[in-house]
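This report looks at two chains and the contacts between them. Please keep the sequence and the model at hand while reading.

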Amino acid sequence: MNNILLQGSLHSEPELRYAQDGTARLSVLLVFPAARTDEPDPTIRVVLFGTDAQQWHGQLKQGDPVIVEGRLQVESRPRPDGSRERTIELIARQFYPLAAGAAPEPAPPAPLPSARAAADRLRRRPPATATSRPLAVVGADDDIPF
Amino acid sequence: MAQLNSVQLVGRAGRDPQMRTLESGTALCTLTLAVNRIRRRGEETPPDWFDLELRGRTAEIAGEYVRKGALIGVSGALVYSRWLDRTSREPRERPLIRVDRLELLGRAAAGDAAVDPD
């Protein structure tokens, strides 16, 4: 088993290339928070293959906040000094774009007295969590509205 | 701000755990893990090797029970260890998995011990 869910933002423009056998390959850098606040945020290369790569190309751009789901793959590359550097790539299965500007939404205007009863009824429903909204693309029909 | 960074791996320990104690007294355990890729038919792919770091009680459990070749499952976060190269003074970084949960899944299978490439 090899699974990762990683939240960050796109650090480069996604690039779409084709291998000689015609396989599409979308490649983009993802920056995510460092474990320690005194360190710069690390970046990881995210790669998506096949028809998914073609579908996502054009829908993602530099700076977009996303959650990426996939697996980790270790690549070994030679350094100029002859030693080898091991890096990790994230082979993506799925992107979950987060709503642009994930900052909290402004508070809604105070309801008029006539609307208060309706608002009270609405309030009894379980509140949507902060993360359910950006992920609604995936399971938009999960919440039954009654 | 906590953001989603969640890794789950199942694989075999590449060597016996290396134990250290931090100045704070916390146990620190480092381990390598070989994780097989899903094989396509007729394709032999080498496993992916990951460096694991465990702390505290989880590190002590690993030190006591995990041996080279043991099948383990871990969950944790992807982090980067950073340092300056001693000779070139170039910044270096190394990805590792900071483990917060360890599952012991089985001992080394005979003739199936993982071999660490390092």
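A residue counts as buried under 20% relative accessible area, as exposed over 50%, and as partly exposed in between. The model is predicted.

## Chain architecture

Chain A has 2 helices and 6 strands. From the N terminus, its elements run β-β-β-β-α-β-β-α. Of its 146 residues, 29% are buried. Among contacts in chain A between residues at least 6 apart in sequence, 55% join residues at least 24 apart.

Chain B holds 1 helix and 6 strands. Its pattern along the sequence is β-β-β-β-α-β-β. Of its 118 residues, 42% are buried. For contacts in chain B with a separation of 6 or more, 63% come from residues 24 or more positions apart.

## The interface

In the interface, 23 residues of chain B are in contact with 26 residues of chain A. Leu4(B), Tyr80(B) and Arg82(B) supply 24% of the area that chain B buries against chain A, more than any other three residues. The two chains bury about 2,300 Å² between them. Carbon and sulfur atoms carry 52% of that area.

Chain B and chain A have 7 residue pairs in polar contact, counting pairs with both residues at pLDDT 80 or more. Four elements of chain B each give two or more residues to the side that touches chain A: β1 (5-13), β4 (48-55), β5 (71-84) and β6 (91-106). The largest share, 6 residues, comes from β1(B). By type, this side of chain B divides into 12 nonpolar, 4 polar and 7 charged residues.

Strand β1 (residues 2-10) of chain A runs antiparallel to β1(B), and 5 bridges join them. One of the bridge pairs is Asn3(A) with Gln8(B).

## Salt bridges between the chains

Side chains of opposite charge can pair when their charged atoms come close. The rule finds 2 salt bridges across the interface. Glu39(A) forms a salt bridge with Arg82(B), with the closest N and O atoms 3.7 Å apart. Arg82(B) is also among the three residues that lead the buried area of chain B.

## Strand β4 of chain B

Why is β4(B) described as largely enclosed by the rest of the structure? The reason is burial: 7 of its 8 residues are buried, so the rest of the structure largely encloses the strand.

Strand β3 (residues 27-35) of chain B pairs with β4(B) in the antiparallel sense, over 8 bridges. Ala34(B) has Trp49(B) as its bridge partner there. β4(B) also pairs with β6(B), in the parallel sense, over 3 bridges. Leu54(B) stands opposite Val99(B) in β6(B).

## Salt bridges within the chains

Over all chains, the structure holds 14 salt bridges. In chain A, Arg77(A) and Glu89(A) form one, with the closest N and O atoms 3.2 Å apart. The pair links distant parts of the chain, 12 residues apart: Arg77(A) is in strand β5 (residues 65-78), Glu89(A) in strand β6 (residues 84-97). Arg77(A) has a relative accessible area of 39%, so it counts as partly exposed. Glu89(A) has 7% relative accessibility and is therefore buried.

In chain B, the side chains of Arg98(B) and Glu53(B) meet in a salt bridge of 3.3 Å, N to O. Arg98(B) lies in strand β6 and Glu53(B) in strand β4, so the pair ties together parts 45 residues apart in sequence. Arg98(B) is partly exposed at 32% relative accessible area. Glu53(B) is buried at 12%. Glu103(B) and Arg101(B) also meet through their side chains, at 2.8 Å, N to O. Salt bridges with shared partners join Glu39(A), Arg82(B) and Glu93(B) into one network. Glu103(B) is partly exposed at 35%, and Arg101(B) is exposed at 52%.

Ser75(B) sits in strand β5 of chain B. Its relative accessible area is 19%, so Ser75(B) counts as buried. Beyond its neighbours within four places in sequence, Ser75(B) is in contact with Val7(B), Gln8(B), Val99(B), Asp100(B) and Arg101(B).

Arg89(B) lies in the loop between β5 and β6 of chain B. Its phi is near 60°, a positive value in a residue other than glycine. Most residues other than glycine have a negative phi. Arg89(B) is exposed, with a relative accessible area of 52%.

Notes. Residues are numbered from 1 along each chain as its sequence is written. Chains are lettered from A and ligands numbered from 1 in the order in which they are written. This is a predicted model: local features need pLDDT of at least 70, side-chain atom pairs count only at pLDDT 80 or more; totals for chains, interfaces and linings use all residues. Side-chain values use heavy atoms; hydrogens and water are left out. Contact means heavy atoms within 4.5 Å. Buried area is the accessible area (1.4 Å probe) that two parts lose on being put together, summed over both. A salt bridge is a side-chain nitrogen of Lys or Arg within 4 Å of a carboxyl oxygen of Asp or Glu. A polar contact is a pair of N or O atoms within 3.5 Å; within protein, one must be able to donate a hydrogen and the other to accept it, and residues adjacent in sequence count only if both atoms are side-chain atoms. Ala, Val, Leu, Ile, Met, Phe, Trp, Tyr, Cys and Pro count as nonpolar, Asp, Glu, Lys and Arg as charged, and the others, Gly among them, as polar. Two strands pair if DSSP finds at least two bridges between them. Buried means under 20% relative accessible area, exposed over 50%, partly exposed in between (1.4 Å probe, protein chains only).
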